Amino acid sequence: MIELRKITHDNFEAVLKLSITDEQKRNVDSSIYCLAKAYVKILNDEKPPMIFAICNNDEVIGYVDIGFFELAESAFLCEKYGDKSTYGLNRFMIDKKHQGKGFGKQAMMKVIDYIKSFPQGKADAVSTSYWMVNEAARKLYASVGFVETGAIWDGQTFGNWNAERKDIEYAEVGARLGLSS
């Protein structure tokens with residue numbers, strides 16, 4: 001059974017040992033990076049991300065990093081959809097040994113259920129992004145109801161994407177799942 005669990009002393013090492021395929025390494029940050037970034041946010045009095053181990057029974061098979069964001073009126077999601085705040089899926093990964101077994105979709109459904117409890121405040125949507133070349137992520141997000149927003153940007157500089165560019169692996173695509181009140 002898939003569950004989201006707090007990262008504790010008991011599962012910390014297992015989270016650090018999670019790995020992905022070599023092809024995926026440019027698509028997802030490591031769990032070490034994710035935890036270190038959360039630590040920096042806490043030290044700087046920022047709202048910490050919600051980071052969970054994804055477990056199948058008692059085995060750690062992945063992790064998720066969720067953030068809560070209040071949006072400026074000039075933000076794309078506010079202008080296009082009227083969103084005032086959103087939960088962002090900053091990182092989501094399933095260990096390479098457990099991919100292709102349906103765990104990603106099950107875990108994403110658990111993540112969405114958790115977000116619908118509004119743990120850090122009310123929000124209009126869940127937002128995420130993924131590299132345009134990451135077909136597995138596109139299919140996963142679409143399978144649970146995410147819709148591409150039409151926003152595409154340079155995933156390294158965050159500037160506008162020029163459709164004439166040949167280095168398509170750096171194009172990042174925005175997706176959104178509306179939350180019913």
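At 6% relative accessibility, D154 counts as buried. Buried here means under 20% relative accessible area, exposed means over 50%, and partly exposed lies in between, with a 1.4 Å probe and protein chains only. The model is predicted, so local features need pLDDT of at least 70 and side-chain atom pairs count only at pLDDT 80 or more, while totals for chains, interfaces and linings use all residues. Residues are numbered from 1 along each chain as its sequence is written, and side-chain values use heavy atoms, with hydrogens and water left out.

D154 lies in strand β6, residues 147–154. Strands (E, at least two residues) and helices (H or I, at least four) are DSSP runs, numbered from the N terminus. Contact means heavy atoms within 4.5 Å. With neighbours within four places in sequence set aside, D154 is in contact with G159, N160, W161, R165 and Y170. D154 and D167 are 13 residues apart in sequence. In space, their C-alpha atoms are 10.0 Å apart.

V126 is found in strand β5, which covers residues 125–131. V126 is buried, with a relative accessible area of 0%. Its contacts, again leaving aside neighbours within four places in sequence, are listed in sequence order. V126 and A151 are 25 residues apart in sequence and 15 Å apart in space, C-alpha to C-alpha.

Helix packing was examined next. Two packed helices are described by the angle between their axes and the distance between the axes. Helix α4 spans residues 103–115, and helix α5 spans residues 135–143. The two pack at an angle of about 50°, with their axes 10 Å apart. Axes are lines fitted to C-alpha atoms, for helices over the stretch in contact, and angles run from 0 to 180 degrees between N-to-C directions. The angle makes α4 oblique to α5. Angles under 35 degrees count as roughly parallel, over 145 as roughly antiparallel, 65 to 115 as roughly perpendicular, and the rest as oblique. The crossing of α4 and α5 is right-handed, meaning that the near helix is turned clockwise from the far one by less than a right angle. On the α4 side, the contact is made by G104, K105 and M108. On the α5 side, L140, Y141 and S143 take part. By class, this contact has three nonpolar, two polar and one charged residues. Ala, Val, Leu, Ile, Met, Phe, Trp, Tyr, Cys and Pro count as nonpolar, Asp, Glu, Lys and Arg as charged, and the others, Gly among them, as polar.

N57 is found in the loop between β2 (50–56) and β3 (59–70). At 46% relative accessibility, N57 counts as partly exposed. F118 lies in the loop between α4 and β5. F118 is buried, with a relative accessible area of 19%.

A search of the whole structure finds zero disulfides. A disulfide is a pair of cysteine sulfur atoms within 2.5 Å. The sulfur of C34 is 15 Å from the closest cysteine sulfur, in C55, which is too far for a bond. C55 is therefore in no disulfide. C34 is buried, at 1% relative accessible area. C55 is buried too, with a relative accessible area of 1%.
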